[in-house]
Amino acid sequence: MSDVASQPPAEGDDRKVLTNRQGHPVHDNQNQRTVGARGPATLENYQFLEKISHFDRERVPERVVHARGATAFGSFEAYGSVGDEPIAPHTRAKLFQEAGKRTDIAIRFSTVAGGRDSSEAVRDPRGFAVKFYTEDGNWDLVGNNIGVFFIRDAIKFPDFIHSQKPDPVTFERQVPNRVFDFWSQTPEALHMITLILSPRGIPASYRHMQGFGVNTYKWVNEEGRTQLVKYHWLPRQGVRSWSQADADVMQAQELGCHTRDLYDAIARGDFPQWELNVQLMSDDEHPELDFDPLDDTKVWPEEAFPLRPVGLMTLNRAPRNFFAESEQIAFGTGVLVDGLDFSDDKMLVGRTFSYSDTQRHRVGANYLQLPVNQARNAEVRTNQRDGEMAYYVDDGGENPSVNYEPSIIGGLREAQEPSHDEQGPLIEGRLTRKRIPRTNDYAQAGERYLLSEQWEKDDLVANLIDGLSQCDRAIQERMIWHLYLAEDELGQRVGEGIGIVADDVRHLKPLQSQGWGEAEQRRLDNLG
Ligand code: HEM
């Protein structure tokens, strides 16, 4: 017995006694059991082996993207309306119906490309994933802080992420030649590039950024009428960003600045709030628009499709345990409740497969039994059984030997009312692999540049010059070509910064992977 462990408890020390996971009290947490004080260790030393072997398994794989993040908890309060109108004609989702109705929520903010312990003061999109624990089961709205994305088809996601992650040979972080190589071959990324390399690319904190669902979803009402919907979270705290210089200073001092800011604010009772707004559009192809409403590289103009508020989210609790509530929380775009639905957005369908697939690998087959992921405000009754770490049997207390359906002798039955009736427009088509017809990759990128204030334009240009000056000539030329097609001034200014003029790129042909129409050809003919 060690000297430490053999000490009787100090007077007044009423702390509880340490045990192992079998409930056995631990008398000595300092010394292994050995033959003599200097002797070899014994293999039957259960307490020591349990402690070490559990430690050996402390980590689960980090998320393949969005590994660095912070979770918080709170509630969502519905307004009972959508803008000036009652909400029921638009969606039957119960959480929105009554003014003042509160739903518990969990949120996880994140960066995308870095590892679990990486810096939070980086230029990177921020994740904005909200879990609503509704009475109809959970709803996850898995969004980002920027309203558009780099690609529009899920099949490109692994390549896109590889290009942004460290070099697989040197493990050097975000190598401009790799990042811009992919972007230069991906014209649909241009709109997002003008945002991520602008001041919006480094938020000053998680509290001071917007959130967007990015992909297009649907709302369904009682009659089965569907509408297209896009979600926007607007921070009551306002929107604030850092310049690259601000971020560099912060990064030199601390890696977890956003997490600390969030938890400090909650601890002092300064609870952050975001208003949820939606844009609605009738559920059809909208041939009158010069973009496809299901294309996540585009925004819907707010003049035509105004933002309409539906409720307010307040965060008032930090996690009690980071691993249990942040590392193991699992969001997915397939997690919807009655009255909310998918659209045919080709990113959304791929995302919907990817999330639960990765979570079964990352957290385990029974990840939905963990407290933070449970549908805590709805009853869960399934015939899913067993698997690694099955924590309980969610058979709803029915006949436990009938773990199948249909059955005449008991068990669970199907719900009477189909929650989703036949709905939405009729879709027809042959099986194919084709890009969407209305790609229009340049117009919104150019408009975004022209609508920016002068200091924002200067920041974007400087960031593009900084990145592109580290790239091969062929990548530089192709990027300048794209920038000219978006907006002459942008192409010209960035080109000047790296020694490329319009005549140097005029000869380039459209990419094979690119949609090419009259508008693009006209711009190419008049380039510079
Ligand atoms: C996390 C896949 C696009 C937002 C993840 C994860 C995967 C993934 C595998 C890790 C999940 C986990 O381990 O729990 C994909 C695929 C995409 C895609 C395949 C495209 C096809 C997007 C887009 C957004 C987004 C467009 C924004 C709207 C997020 C967020 C997280 C995440 C916020 C972190 C969730 C958390 O905090 O746990 N994504 N993603 N993703 N993704 Fe995506």
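This is a predicted model: local features need pLDDT of at least 70, side-chain atom pairs count only at pLDDT 80 or more; totals for chains, interfaces and linings use all residues.
**Entry 1: overall picture**

I began with the whole chain. I found 15 helices and 12 strands in the secondary structure. The C-alpha trace spans about 85 × 65 × 45 Å along its principal axes. I then looked up burial, and 35% of the 528 residues count as buried. For contacts with a separation of 6 or more, I read that 72% join residues 24 or more positions apart.

**Entry 2: around the ligand**

Which residues come nearest to the ligand? I listed His-66, Arg-108, Gly-127, Ala-154 and Val-214, out of 27 residues around the ligand. Next I looked at which elements supply the shell. Strands E4 (102-111), E5 (126-134) and E6 (137-144) each give at least two residues, and so does helix H9 (346-362). H9 gives the most, with 8 residues. By type, I noted 13 nonpolar, 10 polar and 4 charged residues in this shell.

**Entry 3: nonpolar cores**

I turned to the largest nonpolar core, which has 86 residues. Ile-105, Ile-107, Met-192, Ile-480 and Ala-486 touch the most other members. Helix H12 (residues 473-486) provides the largest share of this core, 8 residues. Another core, of 5 residues, lies apart from it, and I noted Ala-121, Ile-202, Ala-204 and Trp-242 among its members.

I also followed up Met-192. Leaving out residues up to four places away in sequence, Met-192 touches Ile-146, Val-148, Phe-149, Phe-150 and Thr-297.

**Entry 4: H12 against H13**

How do H12 and helix H13 (residues 488-498) pack? Their axes are 5 Å apart, at an angle of about 155 degrees. Angles over 145 degrees count as roughly antiparallel, so H12 is roughly antiparallel to H13. On the H12 side I wrote down Gln-476, Ile-480, Leu-483, Tyr-484 and Ala-486. On the H13 side the contact is made by Asp-488, Leu-490, Gly-491, Val-494, Gly-495 and Ile-498. These residues divide into 7 nonpolar, 3 polar and 1 charged.

**Entry 5: Arg-236**

I found Arg-236 in the loop between strand E9 (226-235) and helix H6 (244-253). Is Arg-236 buried or partly exposed? Arg-236 counts as partly exposed, because 13 other C-beta atoms lie within 10 Å. Not counting residues up to four places away in sequence, Arg-236 touches Gln-273, Trp-274 and Glu-275.

**Entry 6: backbone details**

Most residues other than glycine have a negative phi, and most peptide bonds are trans.

I noted a cis peptide bond from Glu-405 to Pro-406, with omega near 10 degrees. Pro-406 is in the loop between H9 and helix H10 (443-451). Asn-440 lies in the loop between H9 and H10 as well, and its phi is positive, near 35 degrees. Asn-440 is buried, because 22 other C-beta atoms lie within 10 Å.

Gln-174 also has a positive phi, near 35 degrees. I placed Gln-174 in the loop between helix H3 (157-164) and helix H4 (176-184). Gln-174 has 17 C-beta neighbours inside 10 Å, so I marked Gln-174 as partly exposed.

Definitions and conventions: Residues are numbered from 1 along each chain as its sequence is written. A residue is near a molecule or strand if its C-beta atom, placed from the backbone, lies within 6 Å of it. Helices (H or I, at least four residues) and strands (E, at least two) are DSSP runs, numbered from the N terminus. Ala, Val, Leu, Ile, Met, Phe, Trp, Tyr, Cys and Pro count as nonpolar, Asp, Glu, Lys and Arg as charged, and the others, Gly among them, as polar. A nonpolar core is a set of buried Ala, Val, Leu, Ile, Met, Phe, Trp, Tyr and Cys residues joined through C-beta atoms within 7 Å. A residue is buried if 20 or more other C-beta atoms lie within 10 Å of its own, exposed if 12 or fewer, and partly exposed in between; C-beta atoms are placed from the backbone. Two residues are in contact if their C-beta atoms, placed from the backbone, lie within 7 Å. Axes are lines fitted to C-alpha atoms, for helices over the stretch in contact, and angles run from 0 to 180 degrees between N-to-C directions. Angles under 35 degrees count as roughly parallel, over 145 as roughly antiparallel, 65 to 115 as roughly perpendicular and the rest as oblique.
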